[in-house]
Amino acid sequence: GDTIALAGTTVTGITQGISMTDQWRLTADLTNPGSADITANLERSDDATSGTIGTGMTESSGIFTFPSTGIYRIQVIGHFYIPSGNDGACEVNTAVSSNSGSSYDIVASAIAGSTAGGQLYGTRPSECFVDVTNASTFRVKFQAGSMAAAILVGNTNVNVTSFSFIRLGDT
């Protein structure tokens with residue numbers, strides 16, 4: 001909400017815009033996890049051409065915290081491998097907490113699955129917008145869901161399963 005004077009004209013309502021981008025990835029396969037939080041094998045994308053804007057997210061045991069308030073876009077790309085083709089609903093869920101992790105709400109889900117037999121490879125996205133009104137109490141985590149006979153594919157050298165965060169603007 002800054003005000004700027006331009007040659008006798010006043011412009012109001014200008015905001016900073018995108019001030020933070022960050023991307024993380026799963027570095028190793030998660031095999032048949034059932035329904036569980038993804039707590040390990042996460043790293044910030046570190047390829048030679050990777051880039052970020054701003055401070056970025058903080059991660060500890062799979063729990064991500066936000067650097068500041070604002071409206072965030074969270075995108076998940078889940079890459080699934082089902083060796084036998086008999087896992088009907090593999091998921092990577094995005095769960096958000098506004099109360100320091102006391103409770104979480106699933107707000108988005110990347111889902112793949114097959115009951116047809118044979119192998120299945122599938123890449124599925126999900127995204128959500130989160131209004132972070134208090135950076136000290138908001139958290140986000142990712143959860144595998146319903147994966148009884150499947151692999152969530154990870155790789156330390158390239159984004160296969162990835163988690164992207166963009167702060168779009170002020171709240």
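## Aromatic rings and their cluster

Rings of Phe, Tyr and Trp, the last represented by its six-membered ring, are taken as a pair if their centres lie within 6.5 Å. In this predicted model, ring pairs of that kind link Trp-24, Phe-64, Phe-142, Phe-163 and Phe-165 into a cluster. The count of aromatic pairs by this rule comes to seven.

One of these pairs is formed by Tyr-81 and Tyr-121, whose rings are stacked, with 4.5 Å from centre to centre and 25 degrees between the planes. Because Tyr-81 lies in strand E9 and Tyr-121 in strand E12, this pair ties together parts that are 40 residues apart in sequence. Tyr-81 counts as buried, since its relative accessibility of 16% falls under the 20% limit, whereas Tyr-121 is exposed, with a relative accessible area of 54%. Another aromatic pair is that of Phe-142 and Phe-165, which is tilted, with 6.2 Å between the centres and 55 degrees between the planes. This pair also links distant parts of the chain, as Phe-142 belongs to strand E13 and Phe-165 to strand E15, 23 residues apart. Both Phe-142 and Phe-165 are buried.

## The chain as a whole

The chain contains 15 strands and zero helices. Its C-alpha trace spans about 70 × 35 × 25 Å along the principal axes, and 40% of the 171 residues of the chain count as buried. Among the contacts in the chain with a separation of 6 or more, 73% are accounted for by residues 24 or more positions apart.

## The largest nonpolar core

The largest nonpolar core has 31 residues, and those with the most contacts inside it are Val-140, Phe-142, Phe-163 and Phe-165. Two or more residues of this core are given by each of strand E3 (20-26), strand E9 (70-82), strand E10 (87-97), strand E11 (105-114), strand E12 (120-132), strand E13 (139-147) and strand E15 (162-169). The largest share, five residues, comes from E9.

When its neighbours within four places in sequence are left aside, Phe-142 is in contact with Asp-37, Ile-38, Gly-62, Phe-64, Ile-74, Val-76, Val-92, Asn-93, Thr-94, Phe-163 and Phe-165.

## Cysteines and a charge over a ring

The count of disulfides in the model comes to zero. Cys-90 counts as buried at 0% relative accessibility, and Cys-128 is likewise buried, with a relative accessible area of 8%.

A contact of another kind involves Lys-141, whose charged end sits over the ring of Tyr-104, 4.1 Å from the centre of that ring.

Ser-19 has its place in the loop between strand E2 (9-14) and E3. Although it lies in a loop, Ser-19 is buried, with a relative accessible area of 18%.

Residues up to four places away in sequence not being counted, Ser-19 touches Ile-53, Gly-54 and Arg-167. With Arg-167 there is also a polar contact, made between the side chain of Ser-19 and the side chain of Arg-167 at 3.1 Å.

Methods:
Residues numbered from 1 in each chain as written. Predicted model: local features only at pLDDT ≥ 70, side-chain atom pairs only at ≥ 80, totals over all residues. Heavy atoms only, no water. Core = buried A, V, L, I, M, F, W, Y, C linked by side-chain atoms within 4.5 Å. Buried < 20%, exposed > 50% of the residue type's maximum accessible area, 1.4 Å probe, protein only. Helix = DSSP H or I, 4+ residues; strand = E, 2+ residues; numbered from the N terminus. Contact = heavy atoms within 4.5 Å. Phe/Tyr/Trp six-rings, centres within 6.5 Å; stacked < 30°, edge-to-face > 60°. Lys NZ or Arg CZ within 6 Å of the ring centre and 35° of its normal. Disulfide = S-S within 2.5 Å. Polar contact = N/O pair within 3.5 Å; in protein donor to acceptor, adjacent residues only side chain to side chain.
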